[in-house]
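Hi everyone, thanks for coming.

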Amino acid sequence: MWQGSGMRPYFPDLLATPVPRYTSFPTAAEFGDAVGPADMSVALGAIRPDEAVSLYLHIPYCEQVCWYCGCNTGAANRTARVAAYVRRLCEEITLVAEALGGRGKIGRIAWGGGSPNALAPEQFDALMQRLRRDFNHADAPLSIELDPRGFDEHWAGEIARNLVERVSLGVQTFAPHVQAAIGRVQPLEDIERVVGLLRLAGVKSINFDLMYGLPGQTLDDLDTTLTQALALAPERLAVFGYAHVPHLLPRQRRIDASALPDAAQRFRFAEHAQARLIAAGYQSIGFDHFALPGDEIAVAARAGWLRRNFQGFTEDPADVLIGLGASAISSFPGWLLQNEKNAGRYHLKIGNAAFATARGLRRTPLDQRRGRAIEQILCAGSADLDGLPDLADIRARLAAFEERDLIGWTGSRLTLLPDALPYARAIAATLDPYRQTSAARFSNAV
Ligand code: SF4
């Protein structure tokens, strides 16, 4: 098993360069403005009648904006603005559905943001009704990201009525002093209340997002948070390292950089979380997800069909993901296409009955081959690199990992060894030609 069980050797030199999280390849740092609505039209036109298609709806609002947040979101403090956005999103759903003309089989629908529950429950229901009216997706599994703050019985009623199967809750930490330091105060009792409501509403799989590397956070804080999280028995957990990039995300300037754990501490935190969750019976999924063995994503990982998309590791097998809403990214084998980030320009385009595609890129066959290899490295810990024209350069870049017994080669097949998990993104980045030349900033490698 390439993930091992935690407490692996620390080689700081191999983690010194920030690397992408590879939720796509090429990454969003490579997006440009050479693509537009015409590409969206061609990409949608190429979808086959029975092709599996997933939908993602982006809600760029939150009741309160957390200081650490890297998402495209803003405060939902103007009801009229949110209502206008919901109207445009309804229009975009119809626009895309008309372009598909019944082609494509909707297999999954995911809601994210922001916080979808920044909408009123009735607005969520109206959007669900529009999806049902315009797309043929009678029983597509539904998943949604929720902010526990402000989640109430009315929302739980919509979750039950719409048969939502999976919910991801932003938890991050239960330590009150760390919550105060990141601008997200939500007592443990709030999370307990929300989990209770979701269970009553019939949600099958609950995920907690947790973070390490937060200001003032100690190993004890993380350990206590893990104990408290485990007591609530979520089916999945994702444990992310906090990425402090205030030059890119001005809202992070409120975070005291002098209180952030250093790289060696971050490494220990990640290893500790991994060891504790595995000891508690969770299966390690990719490099930062964990799931109970019976959860769908754990079954997918064992069967070798785990995938990676903009939502992270997933059991969703679809090669086409259509993103709806401001800043949402659509992924097709030959394109990555992102909608206007700016809400005003998004309104304008959709209001003119045009796709809101503003940035992205066309993926060459070599991009697709490379992207698949990166995905296999991160999902399964192994990929055959045969056919990559720069294989000799990649091997040279990987020599330092090979010397430390983190990888092995069988012909052109690269395999990550049991201690490699904390280095998985750094290993994947050796296949990425853009990272050899670009100075774009990414998050710490662990
Ligand atoms: S609730 Fe989530 S999406 Fe909204 S600001 Fe906080 S971290 Fe970001």
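Okay, let's start with R370, which counts as buried because its relative accessibility is 5%. Bear in mind that this is a predicted model. So what does R370 pair with? It forms a salt bridge with D390, and the closest N and O atoms are 3.0 Å apart. R370 sits in helix α11, while D390 is in the loop between β17 and α12, so the pair ties together parts 20 residues apart in sequence. D390 is buried too, at 14% relative accessible area.

That's one of 28 salt bridges found in the whole structure. Another one joins E315 and R108, at 3.5 Å from N to O. Here the loop between β12 and β13 holds E315 and strand β4 holds R108, so this pair ties together parts that are 207 residues apart in sequence.

Now over to helix α4, residues 153–161. W155, A156, E158 and I159 are buried there. They cover an arc of only 155° around the axis, so they end up on the same side of α4. E153, H154 and R161 are exposed on the other side. And E158 and R161 meet in a salt bridge, 3.4 Å from N to O. They're three residues apart, about one turn of the helix.

Last stop, the surface: E402, E403, D405 and D419 gather in a patch of negative charge. E403, in helix α13, counts as exposed at 62% relative accessibility.

Note on methods:
Residues are numbered from 1 along each chain as its sequence is written. This is a predicted model: local features need pLDDT of at least 70, side-chain atom pairs count only at pLDDT 80 or more; totals for chains, interfaces and linings use all residues. Side-chain values use heavy atoms; hydrogens and water are left out. Patches are made of residues with over 30% relative accessible area and no salt bridge: like charges are joined within 9 Å, nonpolar side chains (Val, Leu, Ile, Met, Phe, Trp, Tyr) within 5 Å. Accessible areas come from the Shrake-Rupley method with a 1.4 Å probe; for residues, only the protein chains shown count as cover. A salt bridge is a side-chain nitrogen of Lys or Arg within 4 Å of a carboxyl oxygen of Asp or Glu. Lys and Arg count as positive and Asp and Glu as negative; His and the chain ends are not counted. The place of a charge is taken as NZ of Lys, CZ of Arg, CG of Asp or CD of Glu. Helices (H or I, at least four residues) and strands (E, at least two) are DSSP runs, numbered from the N terminus. Buried means under 20% relative accessible area, exposed over 50%, partly exposed in between (1.4 Å probe, protein chains only). The arc is that of the directions from the helix axis to the C-beta atoms.
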